[in-house]
Every structure is written in C-alpha cells, then in structure tokens.
Amino acid sequence: MTAVQAIAAVERPGWQARLTLGFERRGERVALAHCAHQGPLRVQKPLYPEGPEVCQAIVLHPPGGIVGGDDLEISVNVAPGAHAQLTTPGAGKWYRSGGRRARQSLTVNAAEEAVIEWLPQETIVFDGAEAAMQTRVELAMGALYCGWEILCLGRTACGERFGRGRLDLATRVERAG
C-alpha cells in the first residue's frame, strides 16, 4: 500500500448503513409495517408476486458494491403468522478493500408461525476483498426460515481468481432459544 492509499483509507470511513424492517399480517394480507433506514440501504415498495399472503421486499444498496470500511446492518422482524420474502435486484459485489474490512450483518427475528425467506442474488467476492458476512436467525416455536448465500470467489468466467483476501461467513439459526 502506498502512502497515498494509506491516507485515503484512514480518511474515508466507508458507508455506514442500517435497514430495519417489520412485517405483520393484516387480515389476509402481509404488510411491510415498519421500514427505517440510515445511509444507503433501502427497500423498494412491497411487492406481491405470489399473492397478498407473501410480502416481498427487494433490498437495495444503491452504491452497487461493498468496499473496505463499509458496514451494512439489516434487521428484520416478522410478526406472528406473517410471511416475508427478501431478495436483492442483482449480485452483491465485495470489491478489493485496500486493507480495511467490510462487514454485512443480517439479523432476523420470526415470531410464532411466521415465515421468512432470505434469497439474495449471488455474492461475488473480488480478489483482495476483506469481507465479513454474518447472519443470525432467531425463530420462535413454529416459525420457518429459508435462506441461502451463493458465493462466487473471483470472476472466473473473466479469467479472474480470488488469490488473496479474506471472507468470513457465519450463519447461526436458533429455534426457541
């Protein structure tokens, strides 16, 4: 790292973004009842491609990629009997970090008989990325969770490899404690 890169890394704090979502059943329809954000994390309007009983939310990160120093936190609460599905509009991209760590955390709380699906598009981890992805799911008795993380280390179709860097990926699912 050059001196100029080191100074730039210290001066730029990175994106600090928070998104808090709450879903609840209102009769036959599930609604996005709470949506609060700070920084560049948003949700498009609630969508219902499967009908009113499943509320789909597309999580947007307008900068288009995650770099060193970025810290993204997503919190989701699903009330009793509600069914929520979260996805992303495109692949998540974790770029070369310049030595600083980037982090994304997802915390899900699902009440009794709730259903939550976390189905983002694939995550591409570029060479030189320093990334940490943490998912914590807390399920009440009778709640259901379906989730995935699809990882591509480097862009092999373009001849690029993930030869250096680090990715820490942790998922913890708890049911009734």
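1. Let's begin with Glu 174 and Arg 136, whose side chains meet in a salt bridge at 3.0 Å, N to O. A salt bridge here is a side-chain nitrogen of Lys or Arg within 4 Å of a carboxyl oxygen of Asp or Glu. Because Glu 174 sits in strand β14 (residues 166-175) and Arg 136 in strand β11 (residues 130-139), the pair ties together parts 38 residues apart in sequence. Strands are DSSP runs of E with at least two residues, numbered from the N terminus.

2. Before going further, please keep in mind that this is a predicted model: local features need pLDDT of at least 70, side-chain atom pairs count only at pLDDT 80 or more, and totals for chains, interfaces and linings use all residues. Residues are numbered from 1 along each chain as its sequence is written, and side-chain values use heavy atoms, with hydrogens and water left out.

3. The cut-offs are under 20% relative accessible area for buried, over 50% for exposed, and partly exposed in between (1.4 Å probe, protein chains only). Glu 174 also has a salt bridge to Arg 172, at 2.5 Å from N to O.

4. The structure holds 13 salt bridges. One of them joins Asp 71 and Arg 103, with the closest N and O atoms 2.8 Å apart. This pair links distant parts of the chain: Asp 71 is in strand β5 (residues 71-78) and Arg 103 in strand β8 (residues 102-110), 32 residues apart. Asp 71 is buried at 14% relative accessible area, whereas Arg 103 is partly exposed at 28%.

5. Do have a look at the wider setting of that pair, too. Asp 71 and Arg 103 belong to a network of salt bridges that also includes Arg 18 and Glu 73.

6. On to the sheet. Five strands form an open sheet in the order β3-β4-β6-β9-β12, with mixed pairing; two strands pair if DSSP finds at least two bridges between them. At the edges are β3 (42-43) and β12 (144-147), each pairing on one side only.

7. Within this sheet, β6 (residues 83-87) and β9 (residues 115-118) run parallel and are joined by four bridges. Which residue in β9 is the bridge partner of Gln 85? That partner is Glu 117.
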